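Subject: Structure for your review

Dear colleague,

I am passing on the structure below, together with a short account of what was found in it. Please keep in mind while reading that this is a predicted model.

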Amino acid sequence: MNCETAFDYLTDPVLNSSPELRRHLDECPRCREMEEVLSPALTWMTEAALDDEAIDSPRPSAPFLTAETLAVADRLAAQLARDSETRRELVPSTFQPQFASRSWSRWRAGGVVAMLLLAGFGGWFLGAAANPDNTSTSAVCLWTNREWSAAAVDQSAKAITMSCLACHLAASTSSL
Amino acid sequence: MALTDEELMRRVQAGESVWFEEVVRRYRTVLTRVAASKLVDSATAEDVVQETFLAAFACRQSFKPNLSLRVWLVAILFNACKRVWRQRQQPTGQPLPLDPALAGETGEPHEGNLLAAERDHILRAALRQLPEPQADTLRLRFFVGLSFDEIAASMNCSVSGAKRRAKLGLESLAGLLRSYQEPTR
């Protein structure tokens, strides 16, 4: 092992305890000194890399992406992209993702719809039905009223997507 | 036998959306770790990771099988994080939380008193004090497990440049963590 490879091993959370690296460090004072200097950082980074519990979801009960979610979002995105009128109402001018490289207009519409869908996927929307007094858009927004998830009854992706769209379309038209 | 990343993406590109769930399953953890390290709060990090996957799915046809899926996802994630920063105008450097309450009064090593979550919080704060290219290099190396070749490709620098960033980042990080472990009495 040369010093170049030793650095690769040192910065690999799994390989940094390998016997090959230890042998090299025993024989190479330069690398040994480097390891001593970097030791706190190497230890903390390695422990963090190997600690799966440190990245627990802050919202463990919230569902993540599923194929059904993606499929519904994709279908709606395609549908919305064909309807420029609807797209203008749905997509706020401030929503400008930076990372898509193609199908840009389709992605803009799709991204909003997909995020709305995800926001609602846990069933938070249905809490709005349980809170009929909340008539403003912000009051029925699932993303800002996540505690309503307990009231969820129908969590089908399609139902929630359409409900989110209804909520945000209402907001768009009322601001016109 | 498990499908490779490239095989998975080929199926997703062919319209079999169900396979994207496997992509999410494989990379959600590492991307969340990286995002949580770059952003201040975990909830935002998780939102950014979801957004990353959505963007990847929306742009699935642009994925080239000769590229590493990990590198591609990380590139999208970094752009999504930048967007969050721009929206919040949040500085990347955060002061290291030198909380005396964590140090204990027994003279025992300070880190022994720390819970894992607190250590994680300190490490994130320390990483955010590094120059972003150095911190990103360390995140990609340790949290995503990219080789230096892959890091160089994803950060548009040479392999030796990536290693230099890693070394400089580790030196700075070691200094910050040492100052935490050995506070002035």
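I begin with a pair of helices in chain B: the axes of helix 2 (residues 20-38) and helix 6 (residues 132-144) of that chain come within 10 Å, and they cross at roughly 155 degrees. Because angles over 145 degrees count as roughly antiparallel, helix 2 of chain B is roughly antiparallel to helix 6 of chain B. The crossing in which helix 2 of chain B passes helix 6 of chain B is right-handed.

As for the residues involved, helix 2 of chain B contributes B:Val30, B:Arg33, B:Val34, B:Ser37 and B:Lys38 to the contact, while helix 6 of chain B contributes B:Glu132, B:Asp136, B:Arg139, B:Phe143 and B:Val144.

Turning to chain A, its secondary structure consists of 9 helices and 0 strands, so that, as defined by DSSP runs, the elements read from the N terminus are α-α-α-α-α-α-α-α-α. Chain A has 176 residues, of which 46% count as buried, and its accessible surface comes to about 9100 Å², with 52% of that area belonging to carbon and sulfur atoms. Among the contacts in chain A with a separation of 6 or more, 53% are accounted for by residues 24 or more positions apart.

Notes
Residues are numbered from 1 along each chain as its sequence is written. Chains are lettered from A and ligands numbered from 1 in the order in which they are written. This is a predicted model: local features need pLDDT of at least 70, side-chain atom pairs count only at pLDDT 80 or more; totals for chains, interfaces and linings use all residues. Side-chain values use heavy atoms; hydrogens and water are left out. Helices (H or I, at least four residues) and strands (E, at least two) are DSSP runs, numbered from the N terminus. Buried means under 20% relative accessible area, exposed over 50%, partly exposed in between (1.4 Å probe, protein chains only). Contact means heavy atoms within 4.5 Å. Accessible areas come from the Shrake-Rupley method with a 1.4 Å probe; for residues, only the protein chains shown count as cover. Axes are lines fitted to C-alpha atoms, for helices over the stretch in contact, and angles run from 0 to 180 degrees between N-to-C directions. Angles under 35 degrees count as roughly parallel, over 145 as roughly antiparallel, 65 to 115 as roughly perpendicular and the rest as oblique. A crossing is left-handed if the near helix is turned anticlockwise from the far one by less than a right angle, and right-handed if clockwise.
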